Amino acid sequence: MSAKLTPAQFNTLQFIEQGGGKTGLMTIHWRNRHHQSLIRKGLLRLRTDPFKTKTDYIYGWVTAAGRKAVAGASATLRAKAEAASDRDYEKYVRELEAGGDE
């Protein structure tokens with residue numbers, strides 16, 4: 001059985017999986033609430049113990065269970081995740097146009 005994902009968690013797993021390239025590793029912010037939730041569910045794994053490093057950014061990868069959860073996501077979840085991603089992008093563009101990123 002696949003883990004139940006929120007649209008944000010689905011997008012996060014997809015982003016990390018696609019951003020990992022050949023190695024599957026991607027630098028992630030381990031204190032991010034979405035990342036912490038995915039780590040607790042066993043869907044995302046960190047390369048090193050975060051408490052032994054001096055940074056919040058650590059290499060991580062999507063586990064086999066995480067890939068299975070993404071692959072088994074319902075069409076409804078996929079649609080909600082895509083809509084959330086579109087809204088986030090539109091918000092980002094509006095902020096840039098308003099000069100919020102300067």
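Two strands count as paired when DSSP finds at least two bridges between them. The model shown in these views is predicted.

**View 1. Three strands make an open sheet in the order β1-β3-β2.** The pairing is antiparallel. β1 and β2 stand at the edges, and each has a single partner strand, so one side of each lacks a neighbour in the sheet. Neighbouring strands are turned by 55° against each other on average, direction ignored.

**View 2. β1 and β3 run antiparallel and are joined by four bridges.** Ile28 stands opposite Ile58 in β3. Thr27 faces a β3 residue too: Tyr59 stands opposite.

**View 3. β2 pairs with β3 over three bridges.** The sense is antiparallel. Arg45 has Trp61 as its bridge partner in β3.

**View 4. β3 has one covered face and one uncovered face.** Ile58, Gly60 and Val62 lie on the covered face. Tyr57, Tyr59 and Trp61 lie on the uncovered face.

**View 5. Helix α1 (residues 7–19) crosses helix α2 (residues 33–40) at roughly 85°.** Their axes come within 10 Å. Angles of 65 to 115 degrees count as roughly perpendicular, and α1 and α2 are therefore roughly perpendicular to each other. On the α1 side, the contact residues are Ala8, Gln9, Thr12, Leu13 and Ile16. They meet His34, His35, Ser37 and Leu38 of α2. By class, this contact of α1 with α2 has four nonpolar and five polar residues, with no charged ones.

**View 6. Helices α1 and α4 cross at roughly 80°.** Their axes come within 8 Å. α1 and α4 are therefore also roughly perpendicular to each other. From α1, Pro7, Phe10, Asn11 and Gln14 make the contact. From α4, Leu77, Arg78, Lys80, Ala81, Ala84 and Ser85 take part. The residues of this contact divide into five nonpolar, three polar and two charged.

**View 7. The largest nonpolar core holds 18 residues.** Leu5, Phe10, Leu13, Ile16, Leu38 and Leu44 touch the most other members. Two or more residues come from each of α1, β1 (26–29), β2 (44–46), β3 (57–62), α3 (64–71) and α4 (75–97). α1 gives the most, with three residues. Leu13 and Ile16 of α1 and Leu38 of α2 belong to the α1 and α2 contact. Phe10 belongs to the contact of α1 with α4.

**View 8. Leu44 is among the core residues that touch the most other members.** Which residues does Leu44 touch, not counting those up to four places away in sequence? They are Ile16, Ile28, His35, Leu38, Ile39, Trp61, Val62 and Thr63. Trp61 is the bridge partner of Arg45.

Technical notes:
Residues are numbered from 1 along each chain as its sequence is written. This is a predicted model: local features need pLDDT of at least 70, side-chain atom pairs count only at pLDDT 80 or more; totals for chains, interfaces and linings use all residues. Side-chain values use heavy atoms; hydrogens and water are left out. Axes are lines fitted to C-alpha atoms, for helices over the stretch in contact, and angles run from 0 to 180 degrees between N-to-C directions. Angles under 35 degrees count as roughly parallel, over 145 as roughly antiparallel, 65 to 115 as roughly perpendicular and the rest as oblique. Contact means heavy atoms within 4.5 Å. Ala, Val, Leu, Ile, Met, Phe, Trp, Tyr, Cys and Pro count as nonpolar, Asp, Glu, Lys and Arg as charged, and the others, Gly among them, as polar. A nonpolar core is a set of buried Ala, Val, Leu, Ile, Met, Phe, Trp, Tyr and Cys residues joined through side-chain atoms within 4.5 Å. Buried means under 20% relative accessible area, exposed over 50%, partly exposed in between (1.4 Å probe, protein chains only).
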